[in-house]
Amino acid sequence: MNKEMKETLDKVAVYEEWVKQKALKAGNLAFASMFVISVLAIIIQMLLTVDIRLVLGETATALVGGILYASIMVYNGIWDKCLPKSATIWRDFFTSVICAGIFTVIYGVCLFRMGATETQITRLALGFLIGITIVAFIILRLLAFINRKRNQNSSNVQEKKEISLSKVEWIKIYNAQNIVETEQLVEMLKQNGIVAFSQEAGANVAMHGAPGFGIYGVDIFVKTDDAEKAVQLIKEINNQE
């Protein structure tokens, strides 16, 4: 039964991870679609009018959406999920170049419609492309750094919790005659807010939650702080019987 339970829990964990990955991909697709639509709208309107006031709405949408998306990703620690450090660097570089290229096209269109020469457009657009690429790359690396720090802090907190739990001292308070008595007493202790577990007498104390029956009976363990209260409750039950 323990083996079947473990296999079931493993399958549940795999399914939950699949659901998370599916939701993450859906979120990425939604943001990418919004960003592309906004950029296309900006480019089309700039080609037709060269009036930047007419594209402020789309520009603001793209910027606010990007900031919100990045904040959510970093907050949940999934900005560079499942990617090695070297892969994230190249991904951020290519992302910076692509985004900078898109806005460089818009900038070049503006220069062209304002009457700039080909030499001026090439020189200004190239400088704009390099500058935006550098700024975007720095921002993406900063987000990746914040994401790693957040994951490290979460891991440290989890480790501290596990260490504190592992340091909890357990003490044997009673030796039951059989598994029926054991289950009754453990259930009674839990109902009174006392965490308890049982194991065959003489077995390793680390075998939490493995009640059984042996020639030496079954030992019941509780936390040291709850020992006195637990012993008193068991005495009261025995006296009643």
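Reply: Phenylalanine 93 lies in helix α3, which covers residues 85-113; helices here are DSSP runs of H or I with at least four residues, numbered from the N terminus. This is a predicted model, in which local features need pLDDT of at least 70 and side-chain atom pairs count only at pLDDT 80 or more, while totals for chains, interfaces and linings use all residues. Residues are numbered from 1 along each chain as its sequence is written, and side-chain values use heavy atoms, with hydrogens and water left out.

With a relative accessible area of 35%, phenylalanine 93 is partly exposed, whereas tryptophan 90, at 53%, counts as exposed; buried means under 20%, exposed over 50%, and partly exposed in between, with a 1.4 Å probe and protein chains only.

A search of the whole structure finds four aromatic pairs. The rings of tryptophan 90 and phenylalanine 93 have their centres 6.1 Å apart and their planes at 90 degrees, so this pair is edge-to-face; rings of Phe, Tyr and Trp (its six-membered ring) pair if their centres lie within 6.5 Å, with planes under 30 degrees apart counted as stacked, over 60 as edge-to-face and the rest as tilted. Along helix α3, tryptophan 90 and phenylalanine 93 are three residues apart, which means a separation of about one helical turn. Trp90 and Phe93 also belong, together with Phe94 and Phe137, to one aromatic cluster.

How values were computed
Helices (H or I, at least four residues) and strands (E, at least two) are DSSP runs, numbered from the N terminus.
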